[in-house]
Each structure stands twice: as C-alpha cells, then as structure tokens.
Amino acid sequence: MSEPLLQVRDLVKHFPITRGVVFQKQIGAVQAVDGVSFDLMRGETLGLVGETGCGKSTTARMIARLMDPTSGEMLFEGQDLAALKGRSLKQARRDIQMVFQDPYSSLNPRKRVGSIIEEPLRIHGLLKEGDARRKRVQELMDRVGLNPEHYNRFPHEFSGGQRQRIGVARAIALEPKLLIADEPVSALDVSIQAQILNLLRDLQRDMGLTMMFIAHDLSVVRHMCDRVAVMYLGKIAELAPNEALYAEPQHPYTEALLAAVPSPEPGRRGQTSQGLAGWFLERQRHWPVVDQLNIHHRAKDSTLCPECFAEGFPEWLRNITWRGRTPAWPVALGCVAVERELAYGENFPLT
Amino acid sequence: MSTGTLLEEAFDSDAMGRPEVVAARTPSQRFWRRFRQDRVALASLGFIVFLILVAVFAPVVVAIAGTPGPNTIDSNLLNSFGMPTGPSLEHPFGVDGLGRDVLSRTVYGARTSLEISILATLIATFVGVILGMAAGFFGGWVDTIVSRSVDVMLAFPVFLLALGLASGCSLGNGCAGGLIQPGISTVVAVIALVSWTYPARLIRGQVLSLKQKEFVDASRSLGASNTRIIFREILPNLVVPIIVYASLMIPTNILLEAALSFLGAGVPAPTASWGAMISDATSIFETAWWYMLFPGVAIVLTALAFNLVGDGLTDAMNPRASD
Ligand SMILES: Nc1ncnc2c1ncn2[C@@H]1O[C@H](COP(=O)(O)OP(=O)(O)O)[C@@H](O)[C@H]1O
Ligand SMILES: [Mg+2]
C-alpha cells in the first residue's frame, strides 16, 4: 500500500484535427489528455472520475498501451511502459489488463465464450492445450459467477451483466497486477451494476489487484475506491482520499460532480433535482473555471444526471452563447429580441 | 455455427429448462435461416446447382441428348445454300454456320462461362479481401496505396483495358513473362484484374468499423499480434459479407466473359463460349435465329439466377424487417 506500482508523469495525448482528403493538413488538436500525473499504489483502488469526454478512456488506453502518448512517462514497477516494444511489451501486457465499457462490442460475436476466455492463455502459451486450459477457463467462469457449463455458448446468448462477467474473466485470466476498469457498469442496468461492482471489489481483495476504476459519476466510485482523482478537461483537478473528497471538495468542479450525484432518498429529491441547473445558478463565482466547452457539453449530456433535467432543461440555459467567457442568451424585450449578457459576479435570473 | 451447435444448444437449454436460449442463434445461423426462407433465392440456387452439374458432366449430358460433340463439324447439316438447319429431333437447338450442334455448344459453353467467372471471382475476392483488410487495418501509406489504386482502377476504361490485355495476352506465349497463357487463364486474369477493386473497397470499409470495436482492443491488450487480430478476430466477422459480395460478382463476371468473347477477346476458338456463339450468330441471324437465341437465353438465365441468389444473401445479411 506504500510503494507505487504505477507512476504517471505529465501524460499528454493530443489528437490532430486534420482537413483534406489526399493532402491532409493539420488545423488543430484535441487535447484529450493534457498533463496528467498520479501514483497508483500497490493494492489500492484509484477512482478516475469526470464527465464524458474529459480524457479518462484516453488515459486508460495509454496505460494499457492501446494508444501511444504524445509525451509523458508511465513507470510501471520502474519501467517506462511507453518505451516497451515487441517481446518486453507482450510480457508487460500480462500485468496490465482492462475491462471495457461496452459489454456488446468488447466480445467478438463470432467466438465462443470458452474461446474468448482462453485467448489470453493461448496468446501467452500458458497451460497445455485441451483439458488443462478448459479446466482453467471453467474455473475462471465459476470465479466470476458464470455457469462453467456455458463455455460453449456465444456471447449473444448472455445478458449484459453476464457479458461483463465474461470480460472480467478474460481480464483476470493472466493474473494481472493492474486491472483497469473503464466505466465497467455504465452500460448496464442499474439493478445489475451493484453485482458487477461487488465482483470487482471481491476480486480486487482476493487477488491483491491494484485497480484503476473509471466512472463518470461519483456515486459509482464512492464504495469502490481508496482514493479518487477528479479529471476535468484533460487534467486532474483534484486527487484526494475518498472521504476527504466527499467531505471537503477543493475544486469547484468536484462540487459540481457531487451535486450531480442523485440522492437515494426520495425526500431529498426536490433538492437534488435542481442538480446541475441549480449548481449553475448558485455558482456564478466559478464562471472563470466553467468555460464554454464545459457548459455546452453539459447542456447536451442529460445522461449525466437524468433527474436534473426531469422538468426539462431551462430554455435560456440551452440557448446560451458565449462572448469570450461571458455567457449571453436571447431575451424578449417587449417585441424586440435582444441578447442578455451576464456580468461576472451577477446572478442568473431564476426563471 | 454448424448444425451440431444448434442441436447441442437445443439439447443443452432443454436440460437447463431455459427456453429463451433455444431462440438464441449466432449471427451466421440467423443469416442462413433468413436465406432459407427466401423462395426465389432458393429456386435460383437450385437452378445454379443444376447448371453446375450440367457443366461438370457436359459429356454425359451431350451423350444423353444424343447430339454430336461440341466441336464436331458436319457440313451435311447445312442446307443446299450452305446455311445451318434449325431445331429438329436430332438437333433440338439446331446447328451453327459450320454444322456444329448448338445444344452441345451451349452445354459446353456453360463450362467455359462458369469456370471463368467463378475462378475470376475467387481470385478477385482473395486479392480484394487481402488488400482491403490491409488498407483498413493498417491505414497510413498502405491505405493510401490501396485506395488510390482502387480509385485509378475505377476511373480506368476497364473494358478497353480488358480488351487490350486480352488480345495482347492471347498471342503466342501469353504475357506477364509467360505467367498468363493464352486461353482461359488469360480471360480469368483479365476479369480478376478489373474486378478486385469492389471487394477491396467493401472490405476496407468493414474493417475500418470492426477495428473500432472493443474486442479488437481487448485482444491487443492481451498481447495478440496484428496477424492474430486480423485473422482470428476480424476475418471471422467478414465471412458473411465476403460470401454475399462474391455471389454478386459472379453474374457480373459471367457477363464480362460473354462480352469479351463476343468482342473476340475471350477464349480462343473452337472452345465453346456463349459470348462467342452470339458473336458468330450475328452475321447469320436473319436465317439462323436459334444460333443466337439459345446461348442468349443461357446467359440471361444464369446471370439472373446468380443475381437473385446474391440479392437473397444480401437481404439475409441486412434484414429490412426484423425476424
Ligand atoms: N481516436 C480519437 N481521435 C480523436 N479524438 C479522440 C479520439 N479518442 C478520443 N478523442 C477525444 O478525446 C477526448 C477525450 O475522450 P475520452 O478519453 O474517450 O473521454 P472519456 O473516456 O473521459 O469519456 C474527447 O473529446 C474525444 O472526442
Ligand atoms: Mg470513456
């Protein structure tokens, strides 16, 4: 718990934006990950939280070497992952495994479940082909709560939750040291989510896994993680132990995320249903950190907090345009339509 | 994927008392099931099987029909003006300008037509799939080369190219350093050369979308090599589109072969070919309609049957209504 398994330093990923078909010209870059640093301690579970598009998956994919970083270091047991090639890379992959977000696209529809779970053993030439491997596959299926008799079935014969279990079985087949779970439950029914979370937590405990757990809202992370990193527009806004983060959020964005966590008690619904909209209204002092990208993104992303927008997104908030950092929205003045600008520090009109 | 699986599944789910599993099928099982429900396509498939049998057993068919061989010239069958005689009991399809039996030549023509179109389709599909997969998977300069070659091929007057190549290669020692000999292989090579572009483009597009799937990432993070990902993860998902596309290329290639033969750039005489028969028939069409009719009907029916099967397979792959 004391010594770091993974040290990430100034990790950057820029995706070029190009124009043109034959002669491509770079006209800009999406700064998906923009200087991320953190340590992952052996045996801990680190949450990585932030809204969709803030660079969580990109960070995870770089660590899992599915994508090369633009710059930065990822030291895994002291060895820079970014520099690994060929045989040593293949060896390192055994130690870092991933559970993916979409249980439908993460399993090849043409392969039987047994073969999907056996694949890692086959790739690394572990165990003898035939009975030994099948036994191991069935053990793994049993371990993740699947009926081992079903190894001969195809992925489409399983439900979303069962499919995610298959993905977990595949990821732990090589007994990795680090397991990266990229929003492993966000595609699942709420009723199934807890089962998968419990499975991951049990595995983490029993196998002594170090885990990086990605989510887009804090409610999922709350019961999973030792520490939580809040990511915002490609950077880590705040990294704190779980309780501290909930008790005393340091960054306004963390507060926003906390405000978006739906309250389980019906009595408090009224309060939280203001959710994001309410947060916007009350927190004008934070406008300098909530820039255009964020509010536009948020305005579209009603999945982040369905309850926040149960009564519809306020029309004026939807129509906000930006003049530099100053929000403006159309209002009717008599029969003339004009733009209303919000001065810094001014309150949004509560209508 | 096999019938064995289906049975196994049904058995298994019965034992488990889980009826919903019985309905579960792999995508390819659903594909074949939908195809089997398409009567027109099935009838066409029946016709194609019949045609293939006729082509393979052409000597037997001719023997049963009691007609002379396809290249037997019998000038006694021409009338006193030197013109061919029409359909009769001995020669149901009549005879041609040289006194050869049209039925026999039509039957042997099926051989030429199917052999060339199927071989050319196999080669073009193979080449197109390999290049399309490489282009879609690796992107970058590989994609640039393949895609630009496809663009150039598609902008080419392919028919003129085919004619030029076909006549160039059908002289003496063939072309491409003797690799392509005059005769059937020339025609096959020419047709394959002009038709690999279509599967290449199709497969490239499919690979581009498959490459985005998380199971490819999963396989890579497990340590799989590119080769393994391409052949073990991606290719199995391309089997159905490849079958569908190849089935649609065959009729196109049948027509292409007929057209090349019609223009004198097909298989060399005296090999029977439907296109060449129609070409020969044009000069004596006024008196010998049968010489053009029967090979013409054969071309239309064959191309139609293949197209209907191809359409059936396409529908089975992309069902408009859910089943
Ligand atoms: N392959 C890519 N090419 C271009 N832009 C990308 C690519 N992958 C991700 N992005 C962009 O990078 C940003 C971060 O994406 P991602 O890491 O997937 O976010 P998250 O997982 O937090 O939702 C997004 O704006 C996304 O559009
Ligand atoms: Mg993501």
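This is a predicted model: local features need pLDDT of at least 70, side-chain atom pairs count only at pLDDT 80 or more; totals for chains, interfaces and linings use all residues.
Biologist: How many residues of chain A are in contact with how many residues of chain B?

Modeller: Contact is counted here for heavy atoms within 4.5 Å. By that criterion, chain B contributes 33 residues, and the number from chain A is 32.

Biologist: What area do chain A and chain B bury between them?

Modeller: The size of an interface is often given as the accessible area lost when the parts come together. For chain A and chain B, carbon and sulfur atoms carry 51% of that area, and the total is about 2,900 Å².

Biologist: Which residue of chain A forms a salt bridge with B:Asp217?

Modeller: The count between chain A and chain B is three salt bridges, and the rule also finds 11 residue pairs in polar contact across this interface, both residues being at pLDDT 80 or more. A salt bridge requires a side-chain nitrogen of Lys or Arg within 4 Å of a carboxyl oxygen of Asp or Glu. For B:Asp217 the closest N and O atoms are 2.6 Å apart, and the partner is A:Arg61.

Biologist: Which residue has a polar side-chain atom 2.5 Å from an oxygen atom of ligand 1?

Modeller: The residues around ligand 1 include A:Phe15, A:Ala32, A:Gly53, A:Cys54, A:Lys56 and A:Thr58. The side-chain atom at 2.5 Å belongs to A:Thr58.

Biologist: How much of the accessible area of ligand 1 does the protein cover?

Modeller: On its own, ligand 1 has 560 Å² of accessible area. Of this, the protein covers 60%.

Biologist: What area is buried between domain 1 of chain B and domain 2 of chain B?

Modeller: The domain assignment places domain 1 of chain B at 3-37 and domain 2 at 43-316. Their contact takes five residues from domain 1 and nine residues from domain 2. Carbon and sulfur atoms give 86% of the buried area, which is about 570 Å².

Biologist: How many salt bridges does the rule find across the interface of domain 1 and domain 2 of chain B?

Modeller: The rule finds one residue pair in polar contact between these domains, with both residues at pLDDT 80 or more. On the side of domain 1 that touches domain 2, the residues are three nonpolar, one polar and one charged. The number of salt bridges across this domain interface is zero.

Definitions and conventions: Residues are numbered from 1 along each chain as its sequence is written. Chains are lettered from A and ligands numbered from 1 in the order in which they are written. Side-chain values use heavy atoms; hydrogens and water are left out. Domain bounds come from an automatic or database domain assignment. Buried area is the accessible area (1.4 Å probe) that two parts lose on being put together, summed over both. A polar contact is a pair of N or O atoms within 3.5 Å; within protein, one must be able to donate a hydrogen and the other to accept it, and residues adjacent in sequence count only if both atoms are side-chain atoms. Ala, Val, Leu, Ile, Met, Phe, Trp, Tyr, Cys and Pro count as nonpolar, Asp, Glu, Lys and Arg as charged, and the others, Gly among them, as polar. A residue is near a molecule or strand if one of its heavy atoms lies within 4 Å of it. Accessible areas come from the Shrake-Rupley method with a 1.4 Å probe; for residues, only the protein chains shown count as cover.
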